[in-house]
Amino acid sequence: MSALDAIGRTYPKTAPYEVGREKIREFAEAIGDTNSAYLDAAAAQKLGHPDVIAPPTFPIIFTMRSTRPAVFDPEIGMDYARVVHGEQRFVYTRPVRAGDRLVCETQIEDVKLRAGSIFLSMRTDVTTEDGEPVLAAYALIVSRAAEKEG
């Protein structure tokens with residue numbers, strides 16, 4: 001089997017991740033973003049949200065759990081010791097909110113083999129437990145080729 005055969009492979013959905021106010025606050029503080037919609041429920045409600053919302057990059061916390069099986073899939077053959085994160089983006093249907101219970105499902109969109117390196121492109125669809133779409137996370141992970149001796 002070639003790593004290219006993994007294109008289109010979908011991995012099992014994750015258990016629900018419950019988004020908490022405190023996790024959102026901690027994340028916002030860690031990245032230095034003091035937007036009141038991330039820290040104060042009343043401020044978020046004034047903007048039309050039912051509770052605090054998460055910063056745009058917050059989903060990296062729970063989407064990594066969903067991409068891990070693809071990155072470590074032995075049929076793809078990535079060497080994690082040589083992995084670098086090539087790209088990450090999030091496309092939102094709606095903001096992530098405190099109280100959400102989110103489920104992730106990852107699919108391999110593309111695999112490219114270049115000069116001994118593996119380029120793995122993944123899409124993770126994030127929905128509520130009830131199936132409401134929230135966002136899609138796209139990631140490119142690269143397993144660099146081993147350095148040649150001599």
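Helices and strands are runs assigned by DSSP and numbered from the N terminus, a helix having at least four residues and a strand at least two. The views below show a predicted model.

Figure 1. Read along the sequence, the chain follows the pattern β-α-α-α-α-β-β-β-β. This gives four helices and five strands. The C-alpha trace spans about 60 × 35 × 20 Å along its principal axes. Of the 150 residues of the chain, 41% count as buried. Among contacts with a separation of 6 or more, 70% involve residues 24 or more positions apart.

**Figure 2. The open sheet of five strands.** The order of the strands across the sheet is β1-β3-β4-β5-β2, and their pairing is antiparallel. β1 (17–18) and β2 (83–92) each have a single partner strand and stand at the edges, so one side of each is left without a neighbour in the sheet. The antiparallel strands β1 and β3 are joined by two bridges. E18 has R101, a residue of β3, as its bridge partner.

**Figure 3. The hairpins of β3 with β4 and of β4 with β5.** β3 and β4 run antiparallel and are joined by 12 bridges. Two residues lie between these strands, and A115 in the turn has a positive phi of about 50°. β4 also pairs with β5 in the antiparallel sense, over 10 bridges. In this pair, F119 stands opposite V142 of β5. Four residues separate β4 from β5 in their hairpin, where G131 in the turn has a positive phi of about 95°.

Figure 4. Is C104 buried or exposed? C104 counts as buried because its relative accessibility is 1%, and the cut-off for buried is under 20%. The bridge partner of C104 in β4 is V126. V126 is also one of the residues in contact with C104 beyond its neighbours within four places in sequence; the others are P12, K13, T14, F62, T63, S66, T124 and D125. A70 is 34 residues away from C104 in sequence, and the two C-alpha atoms are 13 Å apart in space.

Figure 5. After α1 comes G32, with a positive phi near 75°.

**Figure 6. Helix α4 across the sheet strands and at the largest pocket.** α4 lies across β1, β2, β3, β4 (117–128) and β5 (133–143), and runs at about 130° to β4. The largest pocket holds about 290 Å³ of space. Two or more residues of its lining come from each of α4, β2, β4 and β5. Which element gives the most to this lining? That element is α4, with six residues. The lining of the largest pocket has 18 residues, and those nearest its centre are M64, T67, V71, H85 and I141.

Key:
Residues numbered from 1 in each chain as written. Predicted model: local features only at pLDDT ≥ 70, side-chain atom pairs only at ≥ 80, totals over all residues. Heavy atoms only, no water. Buried < 20%, exposed > 50% of the residue type's maximum accessible area, 1.4 Å probe, protein only. Contact = heavy atoms within 4.5 Å. Pairing = 2+ DSSP bridges. Axes fitted to C-alpha atoms, helices over the stretch in contact; angles between N-to-C directions. 1 Å grid on protein atoms, 1.4 Å probe; cavity = no way out; pocket = protein on both sides within 12 Å on 5 of 7 lines; lining within 4 Å. Points joined across faces, edges and corners; volume = space filled by probe spheres on them.
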